[in-house]
Amino acid sequence: MNFFSKILKVIIVILLLIPIAKAVPNVSFTQQINAGILSVDVVGGSFNSVATPSFSLSPLSLSIVCQTATGTLGTPTQKIYVQNPGQANYGWVVNISATNGNTSAWVNQSAGANYDYNDGSGCADGPDADSIGGQMTINPSTGALTTGQCTGCTTTGVTLGSSAPFVQGTTDSITILTGSAGSEDIADYLITGIGVSQSVPASQPVANYKMDLTITVISL
Ligand SMILES: [Ca+2]
Ligand SMILES: [Ca+2]
């Protein structure tokens, strides 16, 4: 190895060790926000969704005459919660109806006689085909409507529904709350204190009775 080859090796080593400055790549961060989903839920005091919402009418004693049981839909631990995060700018409606359709009934959990929830004749059995009496009335007008988590929102353009009884084939769905086109496009609301009453036929047997109702929201 002569002198020049030694020099060359040293230069090569030095070149490899020098860090090569590279251009720092520009990373473009992007974030898309889509319109939220119009929804209704049953929530507790901290807006936590209630896994199994429940509702009980006042207990009755067996009676030889027609009776009325009452209850309140929407309580401090089970509030009805409506959210419109910009999906329904032309308005929306919250309804309640029987989960299993208008031929549903209050089902005797002891396998005895059921009673109706939508007989237009009240306690007596009317023209519907189920041969049982009984009728439920939903009265949203007694309810308390407030805004939810939205800061600065108002309930302008949002109104509670009127009292109405279920009548099979005529009133299968009852309006709880309506948001007009003029209501805020992005807002949320809470409802408590909806009145529920149910006429129970005379001599209805001692038992627990059950039926399911569903609350839905649709955009206009
Ligand atoms: Ca019926
Ligand atoms: Ca009936």
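Predicted model: local features only at pLDDT ≥ 70, side-chain atom pairs only at ≥ 80, totals over all residues.
Trainee: What does the secondary structure of the protein come to?

Mentor: The protein has one helix and 15 strands.

Trainee: Why is the protein called more spread out than a compact globule?

Mentor: The globule rule is 2.2 Å times the number of residues to the power 0.38, and the radius of gyration is taken over C-alpha atoms. For 220 residues the rule gives 17 Å, and the radius of gyration of 31 Å is well over that, so the protein is more spread out than a compact globule. Along the principal axes, the C-alpha atoms fill a box of roughly 125 × 45 × 30 Å.

Trainee: What share of the residues counts as buried, and what is the test?

Mentor: A residue is buried if 20 or more other C-beta atoms lie within 10 Å of its own, exposed if 12 or fewer, and partly exposed in between, with C-beta atoms placed from the backbone. Of the 220 residues, 25% count as buried.

Trainee: Why is strand 7 called largely enclosed by the rest of the structure?

Mentor: Strand 7 covers residues 135-139, and four of these five residues are buried, so the rest of the structure largely encloses it.

Trainee: Which strands pair with strand 7?

Mentor: Two strands pair if DSSP finds at least two bridges between them. Strand 13 (residues 194-200) is joined to strand 7 by five bridges in the antiparallel sense, and T137 stands opposite S197 there. Strand 10 (residues 164-165) is also antiparallel to strand 7, over two bridges, with P165 as the bridge partner of T137.

Trainee: What makes a set of residues a nonpolar core, and which have the most contacts inside the largest one?

Mentor: Such a core is a set of buried Ala, Val, Leu, Ile, Met, Phe, Trp, Tyr and Cys residues joined through C-beta atoms within 7 Å. The largest has 31 residues, and V40, I80, V82, V94, I176 and L177 have the most contacts inside it. Strand 4 (residues 92-98) supplies the largest share of this core, four residues. In soluble globular proteins, nonpolar side chains tend to be buried together.

Trainee: Which residues does I80 touch?

Mentor: Two residues are in contact if their C-beta atoms, placed from the backbone, lie within 7 Å. Not counting residues up to four places away in sequence, I80 touches V40, V42, G74, L190, I191 and I215. For the protein, residues 24 or more positions apart account for 72% of the contacts with a separation of 6 or more.

Trainee: What makes strand 9 and strand 15 edge strands?

Mentor: Four strands form an open sheet in the order 9-11-4-15, with antiparallel pairing. Strand 9 (158-160) and strand 15 (213-219) each have a single partner strand, so one side of each is left without a neighbour in the sheet. The twist averages 25° from one strand to the next, where axes are lines fitted to C-alpha atoms (for helices over the stretch in contact) and angles run from 0 to 180 degrees between N-to-C directions. Within this sheet, strand 4 and strand 11 (residues 173-179) run antiparallel and are joined by six bridges; G179 is the bridge partner of W92.

Trainee: How do you know whether A111 is buried or exposed?

Mentor: A111 has 8 other C-beta atoms within 10 Å and is therefore exposed. A111 lies in the loop between strand 5 (105-108) and strand 6 (115-116). Its phi is near 65°, a positive value in a residue other than glycine. Most residues other than glycine have a negative phi.

Trainee: Where does S131 lie, and why is S131 called exposed?

Mentor: S131 is in the loop between strand 6 and strand 7. S131 has 9 C-beta neighbours inside 10 Å, so S131 counts as exposed. The phi of S131 is near 65°, also a positive value.

Terms used. Residues numbered from 1 in each chain as written. Chains lettered and ligands numbered in written order.
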